[in-house]
Amino acid sequence: MVKVIASSVRKGNVLDVDGKLYVVLTAQNFHPGKGTPVTQVDMRRISDGVKVSERYRTTEQVERAFVEDREHTFLYEDGEGFHFMNPETYDQLVMSAEDIGDLKAYLQEGMAVMLSIHEGLAIAIDLPRHVVLEITETEPVVKGQTASSSYKPAVLSNGVRTLVPPHIQAGTRVVIATEDGSYVERAKD
């Protein structure tokens, strides 16, 4: 275990709170005008999946559990869960849909991801920052609409809804941020 200050905790970190392991879902630092700055941490207990929300003073010490971050390749999804393979040893690990959460929409076969492994179990996943997806449906271009700040709704090939600039049409491949599902740019392929 390593003690770190609460303000340095990030999404995907694994914390040891009272002898139980938690994976961090979100971590935000708040600096009110008056009073002590705090870090709001939303976590999921690894043993049973219970979600917990904690507040720490930003200078307070929290225990980070030792996890091994290792690159794996996403293979496929079946009734057991999501299967990943270590490209060096060819060992396979399975993660449940609950462990992956909303990120499962962005998983693509053959994608390289970082898995956090604790005592032989995959407990957290970190996807690449951006993925390339195709727009399956969106509204037609409206003449005279400027591209300055107006966005229109669109549906991606993975079923996720996002907002895209008005010049983007169905069939266009775009780069999407996996963190929040937002449009980044048109794909360059």
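Reply: Let's begin with burial: F74 and F82 are both buried in this predicted model. For F74, the relative accessible area is 6%, and buried means under 20%, so F74 falls in that class.

Now look at how these two rings face one another. A pair of aromatic rings is described by the distance of the centres and the angle of the planes. For F74 and F82, the centres are 6.0 Å apart and the planes stand at 40 degrees, a tilted pair.

The structure holds 2 aromatic pairs, and F74 also takes part in a pair with F84. Here the ring centres are 5.4 Å apart and the planes meet at 55 degrees. Why is this pair called tilted? Planes under 30 degrees apart count as stacked and those over 60 as edge-to-face, so an angle of 55 degrees makes the pair of F74 and F84 tilted.

Where do these two partners sit along the chain? F74 belongs to strand β7 (residues 68-77), while F84 belongs to strand β8 (residues 82-85). The two residues are 10 apart in sequence, so their pairing ties together separate parts of the chain. F84 is buried too, with a relative accessible area of 0%.

Methods
Residues numbered from 1 in each chain as written. Predicted model: local features only at pLDDT ≥ 70, side-chain atom pairs only at ≥ 80, totals over all residues. Heavy atoms only, no water. Phe/Tyr/Trp six-rings, centres within 6.5 Å; stacked < 30°, edge-to-face > 60°. Buried < 20%, exposed > 50% of the residue type's maximum accessible area, 1.4 Å probe, protein only. Helix = DSSP H or I, 4+ residues; strand = E, 2+ residues; numbered from the N terminus.
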